[in-house]
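Reader: I am new to this structure and would like a close look at a single part, the place where two chains meet. Could you take me through that part carefully?

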Amino acid sequence: MNSPESPIPHSAPRTPRWLRRYPGIYLALWKNSVAREMGFKSNFLLWIVVEVLWFGLQLSFISVLYLHTDTIGTWTKWEVVLLIGASHFIQQIYQAFFLINCTNLSELVRTGKLDFLLLLPVNTRFIVSLRQVDLGGFVNATLAVGVMIYALIQLHLTVTLLQIIGFLMLCLSGILIHYSLMFLLASISFWTVRAQGIVWGYYNLFNIARMPDDAFRGVFKAVFTFAIPMLLVSNVPARVLTDKLRSPGQILLLLAMCAFCMVISELGWRQSLKHYTSASS
Amino acid sequence: MKKYWHVINIGIQNNLAYRVNFLFRIVFGFIPLLATIYLWRAIYSGKPSGTDVAAYSLAQMTSYYLLVTIVDVLTAVSEDDWQIAADIKDGNISQFLLKPIDYLTYRLCLYFSSRLIYLAVAAVPLGLFLFFLRHYFIWPADPAAFGCFLASVVMTGLLQFFTSYAMAMLAFWVLEVSTFIFILFAFEYLASGHLFPLDILPHAMEKVLYYTPFPYQMYFPVSIYMGRTTGNAMIQGLFVQAAWVVLSYFIARFAWSRGIKKYSAVGG
């Protein structure tokens with residue numbers, strides 16, 4: 001069976017060989033993805049247009065809301081714009097690295113193509129999670145950064161280097177939370193073939209991630225903070241950038257939830273792999 | 001006529017296979033809906049109690065989103081456009097050219113049956129959801145308005161279907177139609193009132209939107225139900241909506257006939 005620790009032969013030198021091997025493999029996967037995208041250039045550009053439109057849609061929704069109010073909880077208009085930007089940034093980077101791979105998993109199981117990946121002498125989760133790169137995600141993430149900078153200017157805020165580093169680290173945790181949870185959902189496809197609907201259902205959760213946490217209370221807030229931490233993934237980084245952090249506890253909570261999701265996701269994946277029976281045999 | 005009853009029957013059975021998918025879709029769909037309602041509550045709670053936002057009370061605003069969800073269950077095109085595009089791409093439509101079946105009517109029957117099953121699956125979770133929010137749900141002002149609402153919903157369904165059908169016809173010319181479908185969907189989502197009632201927009205913008213078919217794909221029937229469009233404006237609106245339905249029907253027919261010419265040239 002494959003194990004998450006990469007196979008290191010006994011004869012390997014002291015510097016772990018996987019440290020050189022895996023970046024090499026990943027580079028090859030990147031080259032493949034670039035070649036694939038460039039094969040359908042107009043389609044590649046159109047998908048960027050689609051994402052830009054949906055991003056604009058979210059921003060216009062918020063500007064319409066703020067025609068009729070000055071604050072939502074403690075959040076002012078440009079703070080929410082920054083929040084939506086942060087959420088879009090996280091979502092797009094996540095999408096660039098992981099989304100296609102997560103949605104493809106059920107297809108790999110259904111067709112039995114997972115056999116070939118299991119046989120490769122690399123960690124299976126690595127190859128399944130990172131096989132394709134969606135380059136459009138990086139273009140859209142850049143746009144999100146632009147919107148965030150514009151919002152910061154409107155807020156007359158200057159951010160310190162420490163804030164930016166903190167922001168990026170927290171975004172990384174947010175991305176890992178999205179990835180862990182969606183990969184866990186995708187693992188359900190080992191049990192039922194029609195898991196693609198479930199995976200797309202997760203998409204609805206992105207809608208919550210971009211909403212100001214102040215708006216929520218009660219059970220809803222508890223569930224989406226402590227069970228599915230959607231209200232943390234982009235709210236905490238946005239609060240760091242805008243000096244709105246209530247206590248450092250929020251940062252710790254996000255990091256803890258991230259670690260928790262990753263562990264659960266790995267356990268779920270291992271359990272699911274045991275359940276795998278090839279489709280073709 | 002009888003053969004189309006068979007189509008509906010087959011469509012119902014096919015769609016029953018997707019019932020779990022439908023259930024997931026509707027339940028997951030409640031999450032953003034609930035989030036939006038919470039967002040509005042936070043806005044109302046930041047104001048002195050009893051204050052209206054753009055002439056909507058909190059109950060009216062909540063009802064608006066619930067009605068949008070109901071109309072969406074009744075009329076949304078779920079998979080039809082992808083399936084039509086796939087039929088064209090994979091050459092499945094060849095068989096319809098040989099049989100005495102009209103493809104558009106065939107698809108309309110399938111659309112109808114999928115809505116029927118979707119409604120049946122959605123009824124329980126939607127009913128529970130409405131029950132929890134019953135204090136915020138407003139009943140229609142008078143039976144006449146409710147009748148007009150129903151008529152308008154039927155036209156909304158037809159308009160949604162014909163537009164999607166016409167969009168799917170792009171598959172005759174381009175390899176990948178999903179981007180085009182998503183681009184149109186983005187405009188529809190914003191301009192038809194999925195995200196917010198259109199009359200909270202600045203008046204000029206709302207007026208401009210009324211020159212497009214988008215408000216008639218969602219906002220218009222809901223505004224009739226809520227008594228925000230009444231009298232002459234309502235009658236006039238119903239006629240405009242009917243005109244959009246007829247126009248979209250002809251565009252759908254026209255796109256098909258042009259596409260078929262291209263199709264036979266390639267596939268022949």
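Author: Across the interface of chain A and chain B the rule finds zero salt bridges, a salt bridge being a side-chain nitrogen of Lys or Arg within 4 Å of a carboxyl oxygen of Asp or Glu. The model is a predicted one, in which local features need pLDDT of at least 70 and side-chain atom pairs count only at pLDDT 80 or more, while totals for chains, interfaces and linings use all residues. Residues are numbered from 1 along each chain as its sequence is written, chains are lettered from A in the order in which they are written, and side-chain values use heavy atoms, with hydrogens and water left out.

Two residue pairs in polar contact are found across this interface, both at pLDDT 80 or more; such a contact is a pair of N or O atoms within 3.5 Å, where, within protein, one must be able to donate a hydrogen and the other to accept it, and residues adjacent in sequence count only if both atoms are side-chain atoms. On the side of chain A that touches chain B, α2 (41-65), α8 (196-201), α9 (203-209) and α10 (218-227) each supply at least two residues, helices being DSSP runs (H or I, at least four residues) numbered from the N terminus. The largest share of that side, twelve residues, comes from α2(A). By class, the side of chain A that touches chain B has 22 nonpolar, eight polar and two charged residues, where Ala, Val, Leu, Ile, Met, Phe, Trp, Tyr, Cys and Pro count as nonpolar, Asp, Glu, Lys and Arg as charged, and the others, Gly among them, as polar.

As for extent, 32 residues of chain A are in contact (heavy atoms within 4.5 Å) with 36 residues of chain B. In chain A, the residues that lose the most area to chain B are A:Trp54, A:Phe61 and A:His68, together 19% of what that side buries. The area buried between the two chains, which is the accessible area (1.4 Å probe) lost on being put together, summed over both, is about 3100 Å², and carbon and sulfur atoms give 81% of that area.
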